[in-house]
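Trainee: Could you help me learn how to read the way helices and strands are packed in a model?
Mentor: Gladly; let us look together.

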Amino acid sequence: MDEGLFLLKDGKGRAFLVRARPGGVFHHHRGTVPHEAILEAGPGGQVTTHLGEALSVHRPSLEEYVLHMKRSATPTYPKDASAMVALLDLAPGMRVLEAGTGSGGLTLFLARAVGPEGLVESYEARPQHLKQAEANVRAFWSHDNVRFHLGALEGAELEAESYHGVALDLMEPWKVLPKAARALMPDRFLVAYLPNITQVLELVKGAEGLPLRLERVLEVGWREWEVRLPVAHPRFQQVGHTAFLVVLRRWKAS
């Protein structure tokens, strides 16, 4: 992780991602803080704006970073990304194929799951998205286990049965299913992230005739609570539907 990367939190729980550099200044609506003060306080410390607002200083968790990093595309929500890692059954040392990269949020979850000895091959057709994703990943993740590829997965040359998992975040993932299925190892998983049920039905239809079996379709719920003793209640603003996760499992092609 970039040593100058911090997350500041104010008294109301609002979070701000900051890359602290000598000479820089952080601007809060309740005053300013020199970056030198943030660097001096360090993770677990506290700084105060010139107007007296106290801010706690942290190293951002992966979830916090993905929610606050710069985006060129809507990121895969951490709740969904962590579920995809579990559904793909990833472990250190594995190889995983991703398309498309988007802003790099899911890429980070995959890279951490397979570890420094593993490999993530990520394909993105839009240059501006790939550029932002690379910057996002490099700022948080110091290990060189992600290979970025500019271009659609349809045109990629992939070795047969060479990946332990395939993660798809595409508008029309059924177009790449034959190639993805061929690249996936037998008895391993492909997970697609799809915003609407029409896409789910199209994907399931596209899997017909391929060595892929539908395992499950699910949504990941996430309900946060507000606890301020002696009162506790669900937060008034909740994350609702984000996407459907479609899990396909490959069998040996006959």
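Mentor: Helices (H or I, at least four residues) and strands (E, at least two) are DSSP runs, numbered from the N terminus. This is a predicted model, in which local features need pLDDT of at least 70, side-chain atom pairs count only at pLDDT 80 or more, and totals for chains, interfaces and linings use all residues. Residues are numbered from 1 along each chain as its sequence is written, and side-chain values use heavy atoms, with hydrogens and water left out.

Trainee: At what angle do α3 and α4 pack?
Mentor: Axes are lines fitted to C-alpha atoms, for helices over the stretch in contact, and angles run from 0 to 180 degrees between N-to-C directions. Here the angle is about 40 degrees, and the axes of α3 and α4 are 9 Å apart.

Trainee: Which residues of α3 and α4 make the contact?
Mentor: Contact means heavy atoms within 4.5 Å. From α3 come P78, A81, S82, M84, V85 and L88, and from α4 come L106, F109, L110 and A113. By class, 9 of the contact residues are nonpolar, 1 is polar and none is charged. Ala, Val, Leu, Ile, Met, Phe, Trp, Tyr, Cys and Pro count as nonpolar, Asp, Glu, Lys and Arg as charged, and the others, Gly among them, as polar.

Trainee: How do the axes of α4 and α5 cross?
Mentor: Helix α5 covers residues 127-140, and its axis comes within 10 Å of that of α4, crossing at roughly 40 degrees. That makes α4 oblique to α5 as well. T107, L108 and R112 of α4 meet N136, V137 and F140 of α5, a contact with 3 nonpolar, 2 polar and 1 charged residues.

Trainee: What is the order of the strands in the open sheet?
Mentor: Two strands pair if DSSP finds at least two bridges between them. The 7 strands run in the order β9-β8-β7-β10-β11-β15-β12, with mixed pairing. β9 (146-150) and β12 (212-218) are at the edges with a single partner strand each, so one side of each has no neighbour in the sheet.

Trainee: How many bridges join β7 to β10?
Mentor: There are 4, between residues 95-99 and residues 163-168, and the two strands run parallel. V96, for instance, has G165 of β10 as its bridge partner. Helix α4 (residues 105-114) packs on this sheet, touching β7, β8, β9 and β10.

Key:
Parallel < 35°, antiparallel > 145°, perpendicular 65-115°, else oblique.
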